[in-house]
Amino acid sequence: MPIIDKPDQENATREDFGSLNFHVGEGDAGRRLDVFLADHIAGWSRARLQRSIVAGEVSVAGRIEKPSYKLRVNDDVEAELIPASANSFAPEDIPLEAIYEDEDLIIINKPAGMVVHPAAGIQSGTLVNALSFRFQSLSSTGGAVRPGIVHRLDRDTSGLLVVAKTEAAHENLADQFRDRKVFKSYIALVHGHVVHDSGIVEEPIARDPRQRTRMAVVRGGRPATSLYKVRQRFERFTLLDVQIKTGRTHQIRVHLAWLKYPLVGDAVYGGGRDNTVADPKLRSHIAKLGRQFLHAEQLGFQHPRTGLEMRFSVALPDDLAAFVACL
């Protein structure tokens with residue numbers, strides 16, 4: 001039987017939570033990918049799963065494969081299946097900050113509060129709605145509801161995203177992400193006095209077995225690597241630069257919470273630390289933030305057409321900069 005990241009039930013459905021993760025054991029080696037998924041995801045027919053696989057909503061070891069792909073022992077299968085109700089969306093005239101654009105790609109400075117692409121219960125107000133209105137050409141490699149989307153940021157994380165205009169650019173960028181050749185650096189403000197000036201966290205991440213809506217450091221989870229460096233220390237907080245080598249769901253938030261330095265404003269992984277801040281003015285500022293203090297500051301990669309090294313950087317948005325100023 002596969003090791004499946006799912007709720008405590010016989011089979012899993014995409015409507016229950018975010019991504020589904022499977023680790024293939026010896027008993028499933030040699031099976032077709034579509035048959036394997038149909039057996040383990042309730043409510044999804046094999047035909048529907050075949051369409052989802054073709055649309056790029058399923059990956060094997062980070063690769064997009066055909067429905068007929070024969071599974072191998074230790075294959076990691078990730079499925080992010082979009083319910084049928086989310087298969088249609090309308091372009092929307094939503095303001096976007098594009099800091100760079102050429103014939104192959106776009107660099108977007110995503111605001112906090114914006115979901116990257118439509119999903120269950122969310123068909124409007126997303127980055128994809130805005131991109132589809134503003135840009136005539138976007139890659140379709142990521143599927144019908146993710147045009148141009150190569151990677152994502154959490155709803156309440158601001159900062160840099162690269163969007164692909166062409167299929168060739170998308171495939172090249174996806175390869176760079178999978179091969180860990182993309183430079184991704186974030187600014188994070190955490191509770192506590194971080195002792196070491198720099199450090200590395202190499203702890204596996206999977207869905208929290210005790211609370212399925214969260215991620216956690218879990219033995220046997222997917223490998224995850226984060227590097228941190230102190231940018232500035234305050235009396236009760238530390239401002240960090242965090243570089244991630246992998247792109248697991250909520251990776252920075254989970255790793256910093258595991259270190260006992262949770263992000264300021266993180267209601268999910270913060271462990272209630274926001275409420276322990278003694279200064280009422282600071283507590284008020286945190287409440288006004290309404291989100292975790294996390295900003296994707298830098299993004300670097302090789303241009304998919306020219307091979308030239310590209311590096312982009314954006315300053316803290318006003319809400320986070322104001323909070324730092326009040327410290």
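Before we set off, one definition for the linings ahead: Ala, Val, Leu, Ile, Met, Phe, Trp, Tyr, Cys and Pro count as nonpolar, Asp, Glu, Lys and Arg as charged, and the others, Gly among them, as polar. The model you have open is predicted, so local features need pLDDT of at least 70 and side-chain atom pairs count only at pLDDT 80 or more, while totals for chains, interfaces and linings use all residues. Residues are numbered from 1 along each chain as its sequence is written, and side-chain values use heavy atoms, with hydrogens and water left out.

**Stop 1: strand S6**

Select residues 105-110, which make up strand S6 (helices, H or I with at least four residues, and strands, E with at least two, are DSSP runs numbered from the N terminus). Is this strand mostly covered or mostly open? It is mostly covered, with 6 of its 6 residues buried (buried means under 20% relative accessible area, exposed over 50%, and partly exposed in between, with a 1.4 Å probe and protein chains only). Now show the side chains. In a regular strand they alternate between the two faces of the sheet. Here Leu105, Ile107 and Asn109 point one way, while Ile106, Ile108 and Lys110 point the other way.

**Stop 2: the partners of S6**

Pick Ala98 and you will find Ile108 as its bridge partner in S6. A hairpin of 3 residues joins S5 to S6. In S7, Leu160 stands opposite Asn109.

**Stop 3: the largest cavity**

Keep Leu160 selected, as it is one of the residues that line the largest cavity. On a 1 Å grid over the protein atoms alone, a cavity is a set of points where a 1.4 Å probe fits but cannot get out, a pocket is an open set with protein on both sides within 12 Å along at least five of seven lines, and lining residues have an atom within 4 Å of a point. How many cavities of 30 Å³ or more does the structure hold? There are 2. The largest has about 50 Å³ of space (a volume is the space filled by probe spheres set on the grid points, which are joined across faces, edges and corners). S8 and strand S14 (294-302) are the elements that give two or more residues to its lining. By class, this lining has 5 nonpolar, 3 polar and 1 charged residues.

**Stop 4: the second largest cavity**

Select Val201, Ser226, Leu227, Tyr228, Val242, Ile252, His255 and Leu256 to outline the second largest cavity, with about 40 Å³ of space. Strand S12 (225-233) and H5 each supply at least two of the lining residues. The lining divides into 6 nonpolar, 2 polar and no charged residues.

**Stop 5: the second largest pocket**

Stay with helix H5 (251-258), which, like strand S11 (215-217), supplies at least two residues to the lining of the second largest pocket. This pocket holds about 360 Å³ of space. Of its 18 lining residues, Arg214, Val254, Ala257, Trp258 and Lys260 are the closest to its centre. The classes here are 11 nonpolar, 2 polar and 5 charged.

**Last stop: two loops**

Go to Asn74, in the loop between strand S3 (58-60) and strand S4 (76-79). Its phi is near 75 degrees, a positive value in a residue other than glycine. Finish at Arg180, in the loop between helix H4 (167-178) and strand S8 (183-191). Phi of Arg180 is also positive, near 60 degrees, and Arg180 is partly exposed, with a relative accessible area of 43%.

Note on methods. Two strands pair if DSSP finds at least two bridges between them.
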